[in-house]
Amino acid sequence: MNPATFIAISVCLSTAWLLRISSQKAKSSKFLLQASLLLHSLYCLYVVLVVPPRNVFAELGQPYDTPADSMRALYLRRSKTGDLEPEIEELLTKLNSFDLRILYLRLGHDAVAGCNWCHRFEEYLLFAFIGPLFAYILEIGFIGLLTLPNSSRHHLRSFAIGTLILYMLLELFMALTGEITLSASDRSQSGWPQITRWHDVLYIGRCILFLVLPLSLKLPRIPFIYSIPILGGLLPAPDPRLALNVPPPAQRLQSLQQTLDFLITRLHFLTYTKAAIMRMPSVRERAAAWWDVEGKEAKEGLSDEGVKRTAKGMGLAYDEPDSVLRVNARKGLESINNSVPPSLHWTKQASM
């Protein structure tokens, strides 16, 4: 693709995104996250469409078994100064070797042309994988940024990072074991050897993965995808607490501590309130009448045979002295009495 065309498309996409994000009035953190995703996507598209991996055979339109002297003559014919670039001159010298020509198709242009100190296959392989390894590290960091804890996509972090690691291992495996032959008998109808340029194919696949994977994390969640037998097992389910806006444990503990601090003062105040109620005749009569009504309703409910059967079936029988419910209620009252002792006025009234 022409770079000018790509720039025009990028400007149109960026303008549409700015209009959309400005109408939503998003937070600054969300704005920066979406802006980084847009720039990341545009860069991946630029790499795939505008600057694909270089290949001298594709530049010259020649088959991969073309002699290096013929390729040098074609480059000199295209050169405006009549001289070759030092990098191309050194590369053509290396391509006189059949083994290095195989390495060129296996590891790419940058590995063979850029490594001047390499002599063995392991050295070329190490040099070739420094750049991709750094790219994978950056992409894993970007995936981690898109799937921060307490975000709606945090449950997809392990799946996305696992996908990147698997493709990295696949790229390494194909670079080591991909079959490349330059036999004259294995040719297509055009006369070119039928060869898979593993480096170029895996490089384009890596860029497409870097483009699609972050965008897929921002797509709306598809509920029925978890019902697919194999895919549903690979994709982790989202945390239901995020949909319910459940605060993190630290925030919940802090809120619970504040509530308990608030209740302690109220419980201490309750002891004095009870004593004050008993000192006022009118309030004491109203309180006694309320407790009488509550006692009658409780007695009627507890004496009901249906309630007894239901409670016994649930393991909460109360009609026996050593039943679970009576024991738990007794322990709860003892705990309350120890923490908030009753008023001295009530003690005196009980002893009289």
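Let me start with Leu 100. Setting aside neighbours within four places in sequence, Leu 100 is in contact with Lys 94, Leu 95, Val 112 and Tyr 124, where contact means heavy atoms within 4.5 Å. Leu 100 and Tyr 124 are 24 residues apart in sequence, and their C-alpha atoms are 9.7 Å apart in space. Leu 100 lies in helix α6, residues 98-107. Helices here are DSSP runs of H or I with at least four residues, strands are runs of E with at least two, and numbering goes from the N terminus. Is Leu 100 buried or exposed? Leu 100 is buried, because its relative accessible area is 16%; buried means under 20%, exposed over 50%, and partly exposed in between, with a 1.4 Å probe and protein chains only.

A note on the source. This is a predicted model, in which local features need pLDDT of at least 70 and side-chain atom pairs count only at pLDDT 80 or more, while totals for chains, interfaces and linings use all residues. Residues are numbered from 1 along each chain as its sequence is written, and side-chain values use heavy atoms, leaving out hydrogens and water.

Now the whole protein. There are 17 helices and zero strands. Of its 352 residues, 27% count as buried.

Next, the cores. A nonpolar core is a set of buried Ala, Val, Leu, Ile, Met, Phe, Trp, Tyr and Cys residues joined through side-chain atoms within 4.5 Å. The largest has 46 residues, and Val 56, Leu 95, Tyr 104 and Leu 107 touch the most other members. Helix α8 gives the most to this core, with eight residues. Apart from that core lies another, of five residues, among them Trp 17, Ala 35, Leu 38 and Leu 42. Leu 107, not counting residues up to four places away in sequence, touches Phe 121, Tyr 124, Leu 125, Ala 128, Ala 175 and His 199.

Leu 260 is partly exposed, because its relative accessible area is 44%.

Last, confidence. The average pLDDT, the predictor's confidence in each residue from 0 to 100, is 77, and 82% of the residues score at least 70. Where pLDDT is low, the predicted coordinates should not be read in detail.
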